[in-house]
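Here is a short briefing on one protein chain. Look over the sequence and the model before reading on.

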Amino acid sequence: MAGAIHGRRMTMTTIPRLSQQPVYFKMVLLCCCFYVLTLTAFLQTAMAVDYTVGDEFGWSVPSSPDFYSDWVDEVAPFTEGDTLEFNYAPGTDSVLLVDDLDYRTCNTGNPIQEYTFGPHPFVMRPVATYNFISGQPGHCLAGMRLTITPIL
């Protein structure tokens, strides 16, 4: 046992008995883990960024078929928790979340999800890749599509 000198008297300091130490250390370890997880969640939320797809141009038929892929390259990297805001007037267009094949072929007939009321925010979750195309005929072929792979 440890001792401490107070004046001229020696008193005993209470420390956990050997049989209690594993529980004590487990509690300390559990508290540290909880702190780290809470801090990580806070930092991830604090670091999330809101993006307007196409910036001031918004979600509309671009003058160049590479407009949205160039935009992705300029603002990347994207991370989990970031929000993409698709700005378009309600009833003028839509945003379709599609698989790789439908993205490459501009197939609007089989979306994973469809968003028809703009402006529409989309929060990225931990998946490999997001493929977005316009739901209006001909818009995807004109370059109104983008693919994003957020870093995790």
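In helix 2, Tyr68, Trp71 and Val72 are buried; buried means under 20% relative accessible area, exposed over 50%, and partly exposed in between, with a 1.4 Å probe and protein chains only. Seen down the axis of helix 2, these buried residues fall within an arc of 100°, so they line one face of the helix. The arc is that of the directions from the helix axis to the C-beta atoms.

This is a predicted model, in which local features need pLDDT of at least 70, side-chain atom pairs count only at pLDDT 80 or more, and totals for chains, interfaces and linings use all residues. Residues are numbered from 1 along each chain as its sequence is written, and side-chain values use heavy atoms, with hydrogens and water left out.

**Overall layout**

- The protein chain has 3 helices and 9 strands. Helices (H or I, at least four residues) and strands (E, at least two) are DSSP runs, numbered from the N terminus.
- From the N terminus on, the order of elements is β-β-α-β-α-β-β-α-β-β-β-β.
- The protein chain has 152 residues, and 26% of them are buried.
- Contact means heavy atoms within 4.5 Å. Of the contacts with a separation of 6 or more, 65% are between residues 24 or more positions apart.
- The accessible surface of the protein chain is about 10200 Å², and carbon and sulfur atoms hold 62% of it. Accessible areas come from the Shrake-Rupley method with a 1.4 Å probe; for residues, only the protein chains shown count as cover.

**More on helix 2**

- The buried residues of helix 2 pack against strand 3, strand 4 and strand 9.
- Asp73 and Glu74 are exposed, on the face of helix 2 turned away from its buried side.

**Nonpolar cores**

- A nonpolar core is a set of buried Ala, Val, Leu, Ile, Met, Phe, Trp, Tyr and Cys residues joined through side-chain atoms within 4.5 Å.
- The largest nonpolar core has 20 residues, and Trp59, Leu84, Phe86, Phe122, Phe132 and Leu146 touch the most other members.
- At least two residues of this core come from each of helix 2 (67-75), strand 4 (83-86), strand 5 (95-98), strand 8 (130-134) and strand 9 (145-148).
- Helix 2 gives the most to this core, with 3 residues.
- A second, separate core has 6 residues, including Leu96, Tyr103, Cys106 and Cys140.
- Beyond its neighbours within four places in sequence, Leu146 is in contact with residues including Val53, Trp59, Tyr68, Val72 and Phe86.
- In soluble globular proteins, nonpolar side chains tend to be buried together.

**The open sheet**

- Two strands pair if DSSP finds at least two bridges between them.
- An open sheet of 3 strands has the order 3-4-7, with mixed pairing.
- Strand 3 (50-52) and strand 7 (120-123) stand at the edges with a single partner strand each, so one side of each is left without a neighbour in the sheet.
- From one strand to the next, the twist averages 25°. Axes are lines fitted to C-alpha atoms, for helices over the stretch in contact, and angles run from 0 to 180 degrees between N-to-C directions.
- Strand 3 and strand 4 pair in the parallel sense over 3 bridges. Tyr51 has Leu84 in strand 4 as its bridge partner.
- Thr83 belongs to strand 4. Thr83 is buried, at a relative accessible area of 14%.

- Strand 5 and strand 8 run antiparallel, joined by 4 bridges. Val98 stands opposite Asn131 in strand 8.
- Strand 8 also pairs with strand 9 in the antiparallel sense, over 4 bridges. Thr147 in strand 9 is the bridge partner of Asn131.

**Backbone details**

- Most residues other than glycine have a negative phi, and most peptide bonds are trans.
- Ala76 and Pro77 are joined by a cis peptide bond, with omega about 10°. Pro77 is in the loop between helix 2 and strand 4.
- Gly118 and Pro119 are joined by a cis peptide bond, with omega about -10°.
- Asp55 has a positive phi, near 55°. Asp55 is partly exposed, with a relative accessible area of 36%.
- Cys106 has a positive phi, near 60°. Cys106 counts as buried, at 12% relative accessibility.
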